[in-house]
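Please keep the sequence and the 3D view at hand while reading.

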Amino acid sequence: MSKNPFIDEIRNKAKSKNALVAFPDAEDIRSIKTCRFLADEKIARPALVGNPENIRKVATENGVNIDDILIYDSKNGQHRNDFAAMLFEKRKHKGMTQEQAYETVGNPLYYAGFLLETGVVNVVVGGNVSSTGDVMRASIFTVGVAEGISIVSSFFIMTFPDKMYCFADCAVNPDPTATQLCDIAISSATNFQKITGFEPKIAMLSFSTNGSAEHDLVAKVQTATSMLKEKAPHLQSDGEMQLDAAIIPSIGERKFPGSTVAGKANVLVFPDLNSGNIGYKLTERLAGAEAVGPIVQGLRKPYCDLSRGCSVDDMVNVAAICSLM
């Protein structure tokens with residue numbers, strides 16, 4: 001059991017999905033221990049992707065029994081030729097040869113991606129060893145970007161004992177355009193509702209509230225907010241607004257009267273990666289929130305990236321969240 005009731009709730013929701021979750025960084029003992037925990041707690045059906053001999057060697061050396069855990073052999077697996085053909089079709093316009101495609105899908109990140117693309121597995125969770133760039137390339141080359149969304153992005157679920165927020169984008173895009181901010185907001189709100197069951201209320205954050213300042217950086221957020229209201233009128237959203245106006249009711253009422261979101265926001269969309277990354281770390285380190293993520297979004301199917309410094313507990317949480325997406 002987690003110390004956080006919201007995390008326990010997410011794990012319990014994941015149990016009902018019974019998703020098959022693949023881990024391509026499989027020769028890392030953290031992946032192996034995560035699979036053992038997921039299977040024992042029945043949170044998900046785990047699978048490891050890579051070299052079976054090496055994976056079993058690591059497990060044995062660390063005293064972890066994985067006899068009942070699925071292992072997909074990325075080098076000698078039955079799907080490699082089919083996956084190579086699929087990758088070649090997707091990337092031949094970029095100059096990829098059939099030989100290059102065959103070699104590429106031998107990489108567990110790509111083999112796992114095509115297991116996801118073809119519906120063999122439901123979720124892929126990587127990045128505990130591989131770099132974010134490698135995970136992102138593999139996910140885009142295999143499952144691709146969701147229809148109608150201009151950008152792959154990320155979010156964190158920031159949990160407190162009595163509340164929960166979605167922070168985006170805190171890990172992927174350094175300086176998103178107005179169009180991209182709009183799509184980040186839509187993806188974040190959609191996933192926040194799927195994961196938590198809470199109705200999303202989106203605040204488009206800035207150093208200005210409701211036109212209190214004029215600057216190109218403010219104008220970008222104002223444009224994104226207008227686009228969001230037009231593209232997704234079913235979502236409650238408002239902006240631009242400062243953080244205090246977004247989450248403190250008395251300040252929201254004073255600074256942004258008439259807004260249905262101000263003071264009540266639970267999906268916070270940051271204007272750039274500087275503010276987003278600093279914001280989630282301040283909230284985690286100084287306010288004591290538990291940061292779950294980053295969770296990659298904007299893909300056609302859930303292929304998620306971890307921090308290389310993640311713990312087994314972090315990996316379990318990301319697997320549970322991705323099972324709900």
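Two strands count as paired if DSSP finds at least two bridges between them, and helices (H or I, at least four residues) and strands (E, at least two) are DSSP runs, numbered from the N terminus. The model is predicted, so local features need pLDDT of at least 70 and side-chain atom pairs count only at pLDDT 80 or more, while totals for chains, interfaces and linings use all residues. Residues are numbered from 1 along each chain as its sequence is written, and side-chain values use heavy atoms, with hydrogens and water left out.

**Strands**

- Strand 1 (residues 20–23) runs parallel to strand 2, and four bridges join them; Val-21 has Pro-46 in strand 2 as its bridge partner.
- Strand 2 also runs parallel to strand 3 (residues 70–73), again with four bridges, and Ala-47 has Leu-70 in strand 3 as its bridge partner.
- Five of the six residues of strand 2 (residues 45–50) are buried, where buried means under 20% relative accessible area with a 1.4 Å probe, protein chains only.

**Helix 4 and helix 6**

- Helix 4 (residues 80–91) packs against helix 6 (residues 108–117) at an angle of about 85°, with the axes 10 Å apart; the axes are lines fitted to C-alpha atoms over the stretch in contact, and angles run from 0 to 180 degrees between N-to-C directions.
- Helix 4 is therefore roughly perpendicular to helix 6, a term for angles of 65 to 115 degrees.
- Residues of helix 4 including Phe-83 and Leu-87 meet residues of helix 6 including Tyr-111 and Phe-114, contact being heavy atoms within 4.5 Å.

Notes
Parallel < 35°, antiparallel > 145°, perpendicular 65-115°, else oblique. Buried < 20%, exposed > 50% of the residue type's maximum accessible area, 1.4 Å probe, protein only.
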